[in-house]
Structures are given as C-alpha cells and as structure tokens.
Amino acid sequence: MSIRHHPAETTLIAYAAGHLDEALSAIVASHLAVCPRCRGRSRLADGIGGELLDSAEPATLRDDALDAVLARIAGAGPETAEPAPRAGRHGVAAPLGQLLPERLSDIRWRTVGPGIRQARLGETGRDPEGLKLLKIAPGRSVPRHTHRGHEMTLIVSGSYTDELGRFQAGDIADLDGEVDHQPVSDTGEDCICIIATDAPLRFEGWVPRLMQPFVRI
Amino acid sequence: MATVRSGGPTGATAAPEIDGVALLARVAEARCRLSFADLFGHFGPRIKGFMMRSGASEDLAEEVVQETMVTVWTKAHLFDPAKAGASTWIFTIARNKRIDLIRRRNRPEPDPNDPMFVPDPPESGIETVTRKQDERRIRQAISELPPEQAQIVMLSFFEELPHSAIAERLDLPLGTVKSRLRLAFRKVRDSVGEDS
Ligand SMILES: [Zn+2]
Ligand SMILES: [Zn+2]
C-alpha cells in the first residue's frame, strides 16, 4: 500500500503534545503504525516536548515527594507483563483496525443521505466519541461542507476525489475549518472511510443543514 | 496564558547537564536507587514546572510527578537510547500520565506487536549514535527560533487547546499559526538532518 496523503506536521505536533482528542489520536496512531516516515517526525515532535521539559522552570516539590515515590517503588521490580497485542484488520492497523468487525459485511449501516451510509465503529467495544464509519456509493458525494473543527479521514477501501486531490486506501485526509470540500466516490466500488472529528461539520445550503441532525457526521 | 520567557525557551534556566541515559541504565541494570534519586532531583521539579505552566493545579502536578517517576522506575529497562533521549522518554511518560489523570481517557498509540506494523527501515551508520546528540541539536534549534515561531511552539505544548483556539486567542488566522509551526518544525528537522 503506497500512502500519498499523510497527517499534517501540525497534527503530529498536537499529538506529541497530547492535545488531540481520542478519536483524532486513533487516526494518527493507526497511520503511524504503517508509516515509518511520519513515525520519525512524531519522534522528533516528542523530542521538542523533551527539550521543553528539560528547560522548564523547575518548581519546588513538596518535602515528602521523593520519600513518597521511594516508598511506592520499594519492592517494585521491572514491569514484565506484556500488554495484550492489538491487531489491525482489513488493511487498517490497530487501534482503529481492531474496532472493525471480522467481516466488513457485518457492519450495520444506516442510510443518512442519497448513496451515503454511516455506521458506528466497534459495535461491541468502546466507540470513542467523534469516530464514525462512512460509506459512499460509487459516483455519490458527501454534501459540500466546511468544518468547525478538525476532521481526519482514513480511507479503508475504494477512493474519493475532492478539491484537495484523490484519496485511496491508506491515505489520510487532514482538514481544518478553512477547507471547504465535497468528496465524490470515484470508482465502481463503495468508498469506505473512518472519520474523526472534534466538532460537527458545517454544511452549505439548506437541505444538508436540515439533514444534519440525522447525519451527525 | 503562557508567555515566552525572554531569552527564549532555553534561556536562563538551561538544565545543568546530567547524564540521563547513564542514570536510566543504572536503574535498569542495578536497580540503583541513588541514580533514581538523581533522576528525580533533575526531572521531578521540571515535570512539576511543566505541568503547572500547562495549567495544572499544584496537586495534579505533584501527582503527575509521582506517577511518572514510579513508571520511570518500573519501565527503565524498556528505555532505548537509540530511539529517544532521556528527557524525551520521560516527557512522553509525563504527557500520558497527565492525559490519564485529567481525562481518564486513552491516547491511542501505534503497537509494534500489531502484525500490520511496518518497521523502520534499517538505519544508516550515522544514525546509530544515541539520541543525546539529537536532543542537543533540537535544543539549539529551538533556542534559535524567531520569537513568533517559538511562541507558537510553546503554546502548542503548554496550552491544552487546538491550534484553532490558539489562533483565536492570538487574533491570528489559523493558517498563520500553522505555517509558523511548520517553519519551526522544519528548522528542528533540519537540525537533526532529517531529510524528505
Ligand atoms: Zn505518514
Ligand atoms: Zn469534510
């Protein structure tokens, strides 16, 4: 899988700072698992955090702070328990892949507009707020919209084209409030993507606006 | 709101040199409490300062220090100096503890045990030195940033806000905030010789 569209560097910095919400972080983390290039940049962004920590103004700790920690580590050996391995699915790395059902045909879709269906992610497990699956039928489009906040999309299968280019399986579309776009599913197969937002989208025109309470994308 | 200290982020309080990598190695190999106390003496007050500057209460800041340092003790053997410098590694622990304590939420991370994980390409010989050198270069690059770029870098780390909120607060277009951050990041990337 060759990835043509990556998360913005500013997004990797927000992830390093710990200021991306869980849904957006899940998209970034799933990309980092398969993209050594962005992982290198993410490490560099961590390095900026390390430098800001090292040069932070030291604040005086409470008198018993060291003793309290020493008491807690008394007898504590190295942590050896291996965390349960998390596996991706359908070409999507963990942590998002593990939220997908074993068969994509098991996804329970809800029609939310002409040729557009939506589903929850992780029917049985946790469904981090702000994460949705979207399926766009061939030739159909998501109504033109801008974003109040940050929207990141990971394309799972199929592809779409919008003002920013063509997005195929594995690509990330990383958009902020200044982008206005209308993704069109551009092959003979459905375009399935995972969308994370930290604020509702803003549709243009009155019909999509009326639709919004039902769509919630 | 955080302000940029005169003299830049590394100004007057530049850290006295400690060899965090060696101290962590002694904690990992010998469970050396003296080395651990040295790490605590250096990083404890800085974690607290960093957290309070990020808007944490004193109680929360102390809690993050405790949780972080306990994890430093129990996970020292997992520290890999080829992957990160000591400050960077401890920063990532403190960042995650803070998210844990404030939001009781996850920060999803890539899992190297995921069968889909794509490993790093083999490194060239130049890169196999420890990351300590990188940390010095990053420090140097940050200290040389123009003030308006340094300000955005600091706000990005210290303010728990999306970049759009930082833009609003500074009364700047979001595009300006992002381009300053990109320029700053480009300088940091250049300083460690990262290409592409
Ligand atoms: Zn990438
Ligand atoms: Zn959109």
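**Entry 1: before starting.** A note to myself on the UniProt record: its annotations may be inferred rather than shown by experiment. I also keep in mind that what I am looking at is a predicted model.

**Entry 2: the annotated stretch.** I looked up what the record says about chain A. UniProt, in an unreviewed entry, places the feature "domain: Putative zinc-finger" at residues 12–39 of chain A. I then checked how that span is built. Residues 12–39 of chain A are 82% helix and 0% strand.

**Entry 3: chain A as a whole.** Next I went through the secondary structure of chain A and found five helices and twelve strands. Chain A has 217 residues, and 47% of them count as buried. I also asked how far along the sequence its contacts reach. Taking contacts in chain A between residues at least 6 apart in sequence, 68% join residues at least 24 apart.

**Entry 4: the sheet.** In which order do the six strands of the open sheet in chain A run? I read the order as β1-β2-β3-β11-β5-β8, with antiparallel pairing. At the edges I found β1 (110–113) and β8 (172–175) of chain A, each pairing on one side only. On average, neighbouring strands of this sheet are turned by 30° against each other, direction ignored.

Strand β3 (residues 131–136) of chain A is joined by six bridges to strand β11 (residues 191–197) of chain A, and the two run antiparallel. One example I wrote down is Lys135(A), whose bridge partner in β11(A) is Ile192(A).

**Entry 5: chain B.** Then I turned to chain B, where I counted eight helices and zero strands. Along the sequence, chain B reads α-α-α-α-α-α-α-α. Of its 196 residues, buried ones make up 41%. For contacts in chain B between residues at least 6 apart in sequence, 67% join residues at least 24 apart.

**Entry 6: where the chains meet.** How many residues of chain A are in contact with chain B? I found 61 residues of chain A in contact with 76 residues of chain B. On the chain A side, α1 (9–17), α2 (22–34), α3 (36–54) and α4 (65–73) each supply at least two residues. Which element gives the largest share of that side? My answer is α3(A), with 15 residues. Sorted by class, the side of chain A that touches chain B has 30 nonpolar, 15 polar and 16 charged residues.

Key
Residues numbered from 1 in each chain as written. Chains lettered and ligands numbered in written order. Predicted model: local features only at pLDDT ≥ 70, side-chain atom pairs only at ≥ 80, totals over all residues. Contact = placed C-beta atoms within 7 Å. Helix = DSSP H or I, 4+ residues; strand = E, 2+ residues; numbered from the N terminus. Nonpolar A, V, L, I, M, F, W, Y, C, P; charged D, E, K, R; others polar. Buried ≥ 20, exposed ≤ 12 C-beta atoms within 10 Å, placed from the backbone. Pairing = 2+ DSSP bridges. Axes fitted to C-alpha atoms, helices over the stretch in contact; angles between N-to-C directions.
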